Amino acid sequence: MARAIVVSAGLVVAYYLLPMDTRFDGGAVTGLVLGLIAVTALFLWQVRAIVRSPHPELRAVESLAAVIPLFLLLFATSYFLLERAAPGSFTEPLTRTDALYLALTVTSTVGFGDITAHTETARVMAMIQMVGGILLVGVAARVVVKAVEAGRRRQGPEKRD
């Protein structure tokens, strides 16, 4: 569990400390796509690790603690860069914290409405995040549960307690 906290905290610290002075252009869009592919690959690798783990439940928590923050920070970074490249893409200028807040409200489907996508590009990004969030919560949760069950079956009845 401590590893999950350290990984999540490390990702957030990196988000705030890494320079973000690139423009949101083809390279940034490619980065977003590659980032989503990396999140998917990480998730699939984590599912395999859950099945093979001697403690699949704990491994599942650690896996989600790495994948979910990475997904959120990927979109927060994209929102931040988009707002810097095209001011007015959102209803207000975004700081890193504002961008992370927006990414979290979009994924959680809370949608307070205080920050909204104003341009078509920003709306497309938010829609992609919405679909990704639904898949992450719905499909990924189901896959993780199945992986835990497979890991427990693999251990046999004598090791479950």
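Let me start with a definition: axes are lines fitted to C-alpha atoms, for helices over the stretch in contact, and angles run from 0 to 180 degrees between N-to-C directions. Two packed helices are described by the angle between their axes and the distance between the axes.

Now the ground rules. This is a predicted model, where local features need pLDDT of at least 70, side-chain atom pairs count only at pLDDT 80 or more, and totals for chains, interfaces and linings use all residues. Residues are numbered from 1 along each chain as its sequence is written, and side-chain values use heavy atoms, with hydrogens and water left out.

First, the overall picture. The protein chain has five helices and zero strands. Along the sequence, the pattern reads α-α-α-α-α. Helices (H or I, at least four residues) and strands (E, at least two) are DSSP runs, numbered from the N terminus. The C-alpha atoms fill a box of roughly 60 × 25 × 25 Å, taken along the principal axes. Of the 161 residues in the chain, 40% are buried. Buried means under 20% relative accessible area, exposed means over 50%, and partly exposed is in between (1.4 Å probe, protein chains only).

At what angle do α3 and α5 pack? Helix α3, residues 56-85, and helix α5, residues 120-155, pack at about 170°, and their axes are 10 Å apart. So α3 is roughly antiparallel to α5. The cut-offs: under 35 degrees is roughly parallel, over 145 roughly antiparallel, 65 to 115 roughly perpendicular, and the rest oblique. Who sits in that contact? By class, 17 nonpolar, seven polar and two charged residues. Here Ala, Val, Leu, Ile, Met, Phe, Trp, Tyr, Cys and Pro count as nonpolar, Asp, Glu, Lys and Arg as charged, and the others, Gly among them, as polar.

On to salt bridges. The rule is a side-chain nitrogen of Lys or Arg within 4 Å of a carboxyl oxygen of Asp or Glu. How many does that rule give? The count is three salt bridges.

Take arginine 152 and glutamate 57. Their closest N and O atoms are 2.7 Å apart. This pair links distant parts of the chain: arginine 152 is in helix α5, glutamate 57 is in helix α3, and 95 residues separate them. Arginine 152 has a relative accessible area of 33%, so it is partly exposed. Glutamate 57 is partly exposed too, at 37%.

Now glutamate 62 and arginine 59. Their closest N and O atoms are 3.8 Å apart. Both lie in helix α3, three residues apart, about one turn of the helix. Buried or exposed, glutamate 62? Its relative accessible area is 11%, so glutamate 62 is buried. Arginine 59 is buried as well, at 15%.

Then glutamate 149 and lysine 146, in helix α5. They are three residues apart, about one turn. Their closest N and O atoms are 3.7 Å apart. Glutamate 149 is partly exposed at 33%, and lysine 146 is partly exposed at 39%.

Last stop, the surface. Val12, Val13, Tyr16 and Leu17 make a nonpolar patch of about 360 Å². Patches are made of residues with over 30% relative accessible area and no salt bridge: like charges are joined within 9 Å, nonpolar side chains (Val, Leu, Ile, Met, Phe, Trp, Tyr) within 5 Å. Accessible areas come from the Shrake-Rupley method with a 1.4 Å probe; for residues, only the protein chains shown count as cover. Leucine 17 is found in helix α1, residues 2-17. Leucine 17 counts as exposed because its relative accessibility is 67%.
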